[in-house]
Amino acid sequence: MASELSKIVLKKDDLTEVHVYLHGGTVTSWKCKGKEILFVSKQAVFDGKKAIRGGIPVVFPNFGPWKLGPQHGFARTATWKVHKQPEKDKDGNIVAVLLLEDTEETRKIWNHNFKFWYTLTLKNCEFSMEVNIQNTGAEDFEFTSLLHTYYNVDIEKAKLQGLQGCDFLDKVNGGEHKEENEFLQISANVDSVYKQTPNELKLLTGNHNIRITKENFPDTVVWNPWFEKAKQMSDFGDNEVKKCFFYMPNSRIQ
């Protein structure tokens, strides 16, 4: 079914490219010098209905459970338009722009008018995503946007640097805490929202380092369901929790 879904490819050369499905505007592959940076579950569903498990799903207009509609909003299961096909810019980078607009169906769930431009830029070994959301209606609205990134790593070796000293909400065990560790490693079920995080973090994988930068996304979510919770997910292999690190820049805007 994956081959039947529409997608675009940003191709820098034979070893450096990005694949993006219009279903959910989901980036499912980013290869740098032939190495896959992102994780997609072998059990991911490509049926054009369910969110794709892995890559970089786009969360909008809500993060988490939502009384108005599906968890994490509708963007990750909507069909996006190609506003600008992949093409080379003046600097030799490959740029594409996707667009999501309100429809009759989205307004039944969330009655607001909007345009969501999603600009993707592939350089040699750098991939950037720019979110631009415009309120095209007469009424103000609040929204949450998040880039739900699944990194392809060995979880026993991976560690995230840069969150030390940040306050975070522990959604698994409850309570608010301050991160004491210089390096964050995952060895259990984790679902934490870090507040006002630095604009640059580093993910050390044991083989290479990934520099992660953000702007106007004040918070950061770190998540891994671990073994027991993964068993409850039909589109996630029981042992795949050891193959990925979930880092998500998060923004709530009014």
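Two salt bridges are counted between domain 1 and domain 2, a salt bridge being a side-chain nitrogen of Lys or Arg within 4 Å of a carboxyl oxygen of Asp or Glu. Arg 53 makes a salt bridge with Asp 235, with 3.3 Å between the closest N and O atoms. The elements giving two or more residues to the side of domain 1 that touches domain 2 are β10 (143-147) and β11 (149-152). The largest share of that side, five residues, comes from β10.

Before going on, a word on what you're looking at. This is a predicted model, in which local features need pLDDT of at least 70 and side-chain atom pairs count only at pLDDT 80 or more, while totals for chains, interfaces and linings use all residues. Residues are numbered from 1 along each chain as its sequence is written, and side-chain values use heavy atoms, with hydrogens and water left out.

Back to the two domains. The domain assignment of the protein chain gives domain 1 as 1-152 and domain 2 as 153-253; such bounds come from an automatic or database domain assignment. Their C-alpha centres lie 20 Å apart. At the interface, 26 residues of domain 1 are in contact with 28 residues of domain 2, where contact means heavy atoms within 4.5 Å. Together the domains bury about 2,300 Å², 56% of it on carbon and sulfur atoms; buried area is the accessible area (1.4 Å probe) that two parts lose on being put together, summed over both.

Now for some strands. Helices (H or I, at least four residues) and strands (E, at least two) are DSSP runs, numbered from the N terminus, and two strands pair if DSSP finds at least two bridges between them. An open sheet of four strands runs in the order β1-β2-β3-β4, with antiparallel pairing. Its edge strands, each pairing on one side only, are β1 (7-13) and β4 (35-36). Six bridges link β1 to β2 (residues 16-21) in the antiparallel sense, and Val 9 stands opposite His 19 in β2.

Next, take a look at β13 (residues 167-170). In a regular strand the side chains alternate between the two faces of the sheet. β13 pairs antiparallel with β14 (residues 176-178) over three bridges, and Leu 169 stands opposite Glu 176 in β14. Their hairpin has five residues between the strands, and Gly 174 there takes a positive phi near 85°. β13 also runs antiparallel to β16 (residues 190-194), joined by three bridges, with Phe 168 opposite Tyr 194.

Five bridges pair β18 with β17 (residues 200-204) in the antiparallel sense, and Leu 203 has Ile 210 as its bridge partner. Between β17 and β18 the hairpin has four residues, and Gly 206 takes a positive phi near 100°.

Finally, Phe 227 sits in helix α2 (residues 226-230). Phe 227 counts as partly exposed because its relative accessibility is 24%. Leaving aside neighbours within four places in sequence, Phe 227 is in contact with Asp 238, Asn 239, Val 241 and Lys 242.

Methods:
Buried < 20%, exposed > 50% of the residue type's maximum accessible area, 1.4 Å probe, protein only.
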